[in-house]
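Thanks for coming. I will go through one protein chain today, from the overall fold down to a few single residues. Please have the picture in view.

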Amino acid sequence: MENVLSFDIKRVIVDSTVDVFDMMLSLPIQFSEERKTLAGNGSLVLGSIDFMGDVTGIVNIQVTEKFARKMVSSMLDMEIDQIEGTEDIQDVLGEICNMVSGSLKSGLCDAGMVCELSTPAVIIGNDYNHQTRNMTRVEYFSFLFDDHLIMVDVGIKETNPDVSDAAIVGISQDQEDSDIFNYDMENSVINSVSEVFDMMLSMDVKPFGGQTGPIVSSRIIGSISFSGKVLGRLNLHIPEGLAKQMAGTLLGMEPNEIEGLDEVKDVVGELCNMVSGALKSDLCDKGFTCKVSPPSFTTGTDFEMELLNLTRHETFFFDYQNDIFMVEVGLKKSEEI
């Protein structure tokens with residue numbers, strides 16, 4: 001069996017990306033050996049898919065919104081000025097991510113590193129950064145179509161055997177046939193968030209029942225994907241000020257003593273791990289056995305994140321001393337099981 005250090009990521013990603021853009025979009029892109037960046041190019045669109053199993057990791061594909069509209073125009077055979085809103089952009093980039101990630105998954109599985117893919121998430125905005133930390137390998141690939149740049153990033157690491165997954169046996173047929181719509185998501189999320197924040201941070205958080213909208217200030221989103229008999233994603237949306245307060249509480253520091261966001265991401269990532277772990281355990285108890293990905297992080301002030309191709313999508317708001325944060329969960333039963 002190959003390992004993550006010897007596996008030829010470049011060959012798989014370059015070949016599959018060029019083939020997918022040609023086959024699906026009729027856009028002949030060229031691979032560039034030069035490391036490039038899309039920073040400073042206005043509104044950017046990023047599609048992201050996690051994979052988990054013997055290896056875990058992430059595939060990100062990022063383009064400008066201008067080129068994303070050209071992609072939609074080519075795929076759907078419509079004029080660019082006919083494209084309204086961002087729904088078609090999300091769908092097209094999500095499908096491209098599925099296909100490129102699917103090729104990587106096939107290559108990894110053929111090399112003995114069996115893994116499964118999550119559903120895609122798409123981020124659109126003018127000011128954000130998306131990152132998955134603590135990967136063994138991170139590779140960056142640049143492609144060009146005329147003067148348009150396409151960036152594909154891959155992070156990967158081997159996974160330690162998950163004892164909790166191995167212990168899940170003897171699931172009854174009734175459990176296997178459970179309907180994801182009957183799953184008590186609200187109770188599971190509220191209980192796990194309350195317990196985790198109390199245990200980790202001694203913070204008494206309460207469900208917030210008032211009227212509110214998405215968190216649009218400077219914020220950190222910690223994200224974890226589920227894959228197995230159920231697919232999905234959990235996003236923890238926390239305003240930056242509150243996230244620094246949480247990090248300060250855990251690290252014994254004042255929020256204004258925290259420089260940068262590395263420590264904050266560590267704390268948010270651990271919160272994500274624990275909340276998603278509790279949700280995963282509950283899902284497995286109900287027959288929806290699954291694995292979880294490492295956390296990824298999106299930070300910024302001007303962006304939107306959409307979760308694609310999910311049967312259920314719910315948001316839950318919580319209050320800590322008049323600061324509001326949000327937990328977003330999307331799930332669907334896997335069609336492959």
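The model is a predicted one. By that definition, the protein has eight helices and 14 strands. Its radius of gyration is 20 Å, close to the 20 Å that the globule rule gives for 337 residues, so the protein is as compact as a globular protein of that length. The C-alpha trace spans about 55 × 50 × 40 Å along the principal axes.

Of the 337 residues, 52% are buried. The protein exposes about 15,300 Å², and carbon and sulfur atoms supply 44% of that area. If we take the contacts with a separation of 6 or more, 73% of them are between residues 24 or more positions apart.

Now the charges. Side chains of opposite charge can pair when their charged atoms come close. How many salt bridges does the structure hold? The count is 12. I will show three of them.

Start with Asp-50 and Arg-233, whose side chains meet in a salt bridge at 3.5 Å, N to O. Asp-50 lies in strand S2, residues 44-53, and Arg-233 in strand S10, residues 230-239, so this pair ties together parts that are 183 residues apart in sequence. Are these two residues buried or exposed? Asp-50 is buried, at 1% relative accessible area. Arg-233 also counts as buried, at 2%.

In the second salt bridge, Arg-133 pairs with Asp-266, and the closest N and O atoms are 2.7 Å apart. This pair, too, links distant parts of the chain: Arg-133 is in the loop between strands S5 and S6, Asp-266 is in helix H8, residues 262-285, and 133 residues separate them. Arg-133 counts as buried because its relative accessibility is 18%, and the cut-off for buried is under 20%. Asp-266 is partly exposed, with a relative accessible area of 45%.

Glu-240 is partly exposed, at 23% relative accessible area. Salt bridges that share partners also join Arg-133, Asp-262 and Asp-266 into one network.

Now a residue from a strand. Thr-299 is in strand S12, residues 296-307, and it counts as buried at 10% relative accessibility. What does Thr-299 touch, leaving out residues up to four places away in sequence? Its contacts are Asp-127, Tyr-128, Asn-129, Arg-219, Ile-220, Leu-261 and Lys-265.

Ser-26 has a positive phi of about 55°, although it is not a glycine. Ser-26 is in the loop between helix H1 and strand S1, and at 58% relative accessibility it counts as exposed. Gln-321 has a positive phi too, near 50°, and is likewise a residue other than glycine. Gln-321 lies in the loop between strands S13 and S14, and it is exposed, with a relative accessible area of 57%.

That is the end of the tour.

Definitions and conventions:
Residues are numbered from 1 along each chain as its sequence is written. This is a predicted model: local features need pLDDT of at least 70, side-chain atom pairs count only at pLDDT 80 or more; totals for chains, interfaces and linings use all residues. Side-chain values use heavy atoms; hydrogens and water are left out. Helices (H or I, at least four residues) and strands (E, at least two) are DSSP runs, numbered from the N terminus. The radius of gyration is taken over C-alpha atoms; the globule rule is 2.2 Å times the number of residues to the power 0.38. Buried means under 20% relative accessible area, exposed over 50%, partly exposed in between (1.4 Å probe, protein chains only). Contact means heavy atoms within 4.5 Å. Accessible areas come from the Shrake-Rupley method with a 1.4 Å probe; for residues, only the protein chains shown count as cover. A salt bridge is a side-chain nitrogen of Lys or Arg within 4 Å of a carboxyl oxygen of Asp or Glu.
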